[in-house]
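Hi everyone, thanks for coming. I'd like to walk you through one model today, so please have a look at it with me.

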Amino acid sequence: MPHVNLLIKPASSLCNMRCRYCFYEDEAANRTQASMGIMTPQTAELLIRQAFDAAGEQGDISIAFQGGEPTLAGLSFFESFVELVKWYNHKQLPVSYAIQTNGYAIDEEWAAFLAKNRFLVGISVDGDKALHDEFRVDAAGKGTWQRTQKSLRLLQTAGVDCNLLCVVTKRCAKSAVRTYHALQKTGVGYLQFIPCLDPLGEERGRRPWSLTPEDYGTFLCSLFDEWYRDWRNGRYTSVRLFDDYVHLAMGLPSSTCATNGRCGSYYVVEADGSVYPCDFYVLDPWKLGDIHQTPLRELGQTERAADFLKAGLHRPVMCRECPWARLCLGGCKRDWCTDENGAVANYYCQSFRRFFAYAETRIRTIASEEAALRRRNGL
């Protein structure tokens, strides 16, 4: 059963904020064309037709919108997109929607639309006001915490399913407990933490926000303590990375390519219809093609797509003898780097080694208890 997973950038790298650590702004600056503008209705319709063609008779389609800031494409773009999906969905295939947004443009009209069409909405929030406003600023350089919180409340009032995405910066990593509880206070029960990326081609660890392996290891251990305590006391909050490790310990698949040990789980479609294999590789050398010239279902079969997948299967040498390889699986390829001896390793390898040495027993305890609960419930 074909599963078509799309990550669409309807406003390319355009954004109404100026987050100081933005990885996609840096990525776009390393392309021949930094911004592809706003996706046209014609390109959107072509993409939808090709997505259903790729899904076949019994497949399903997952559509996520990201940026830049995807809401800059305008509410009318999304309204038209959803109607076109309904129009072309002759076989009534399952279609799910998600959008990752900074929340800056969200108003009551946006919230009503997202609720009506059952969008899962990810809002970017970096901990509490002080942590968030340090790097997540608007075009005038002012903090965006208040506006983000207002948007989140609008979405919650409208009944929109929300999760929060927190970028782990150096300062955030030193305040793991504070960050975790600040996010919990929003009332959102699903959290995702992703390590901050340094600019491409630059030695890591030199920016004010740069996350070092030592800092990230400390963050993971401190965060896990709070998360585990809540789980043990029946006050569970989903932290996606920890959930994935528990699922792997249960013999279940994880939810992200970074934790399942292989690349290639989705297509990135830029505003002009160009297609790439991964959000971290929307770069000229990895462009798979353009839906205006080659159908989506064929782009995944290209030699370049095969090369990308193959490269993701060659785990760092250090993984071969690592006692936690079956849980870690080498991490995200974007974090692989060459050390002073010429060996490939995950930049955060020491972070993960420290974390698993600290938390593995408790991860497996949760996995065992959750597996027993599933058996009792006949799952």
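Let me start with a question: is S151 buried or exposed? First, some ground rules. This is a predicted model, in which local features need pLDDT of at least 70 and side-chain atom pairs count only at pLDDT 80 or more, while totals for chains, interfaces and linings use all residues. Residues are numbered from 1 along each chain as its sequence is written, and side-chain values use heavy atoms, with hydrogens and water left out.

Back to the serine. S151 is buried, because its relative accessibility is 3%; buried means under 20% relative accessible area, exposed over 50%, and partly exposed in between, with a 1.4 Å probe and protein chains only. S151 sits in helix α6, residues 145-158. Helices here are DSSP runs of H or I with at least four residues, strands are runs of E with at least two, and both are numbered from the N terminus. Setting aside residues up to four places away in sequence, S151 touches G103 and I106, where contact means heavy atoms within 4.5 Å. A polar atom of the S151 side chain lies 2.5 Å from the backbone oxygen of G103.

Now the cores. A nonpolar core is a set of buried Ala, Val, Leu, Ile, Met, Phe, Trp, Tyr and Cys residues joined through side-chain atoms within 4.5 Å. The largest one has 98 residues, and those with the most contacts inside it are F65, F81, L114, F219 and F242. Another core lies apart from it, with nine residues, including Y21 and F135.

Beyond its neighbours within four places in sequence, F242 is in contact with L220, L223, F224, W227 and F355. That brings us to a helix pair. Two packed helices are described by the angle between their axes and the distance between the axes. For α9 and α10, the axes come within 11 Å and cross at roughly 75°; axes are lines fitted to C-alpha atoms, for helices over the stretch in contact, and angles run from 0 to 180 degrees between N-to-C directions. The two helices, α9 and α10, are therefore roughly perpendicular, a label for angles of 65 to 115 degrees. On the α9 side the contact is made by Y216, L220, L223, F224 and W227, and on the α10 side by L241, F242, D243 and V246.

Next, where does helix α15 bend? Helix α15, residues 349-376, bends by about 55° at A359; the bend is the angle between axes fitted to the seven residues ending there and the seven starting there. A359 is itself one of the buried residues of α15, as are F355 and F356. The buried residues of α15 pack against α9 (213-232), α10 (240-249), α14 and β12 (344-346). After α15 comes G378, with a positive phi near 70°.

Most residues other than glycine have a negative phi, and most peptide bonds are trans. Q92, though not a glycine, has a positive phi of about 55°; this residue is in the loop between α3 and β3 (95-101), and it is exposed, at 63% relative accessible area. L329 also has a positive phi, near 60°, and is partly exposed at 27%. A cis peptide bond joins G67 and G68, with omega about 10°. G68 lies in the loop between β2 (60-65) and α3 (75-88).

How values were computed: Polar contact = N/O pair within 3.5 Å; in protein donor to acceptor, adjacent residues only side chain to side chain. Parallel < 35°, antiparallel > 145°, perpendicular 65-115°, else oblique.
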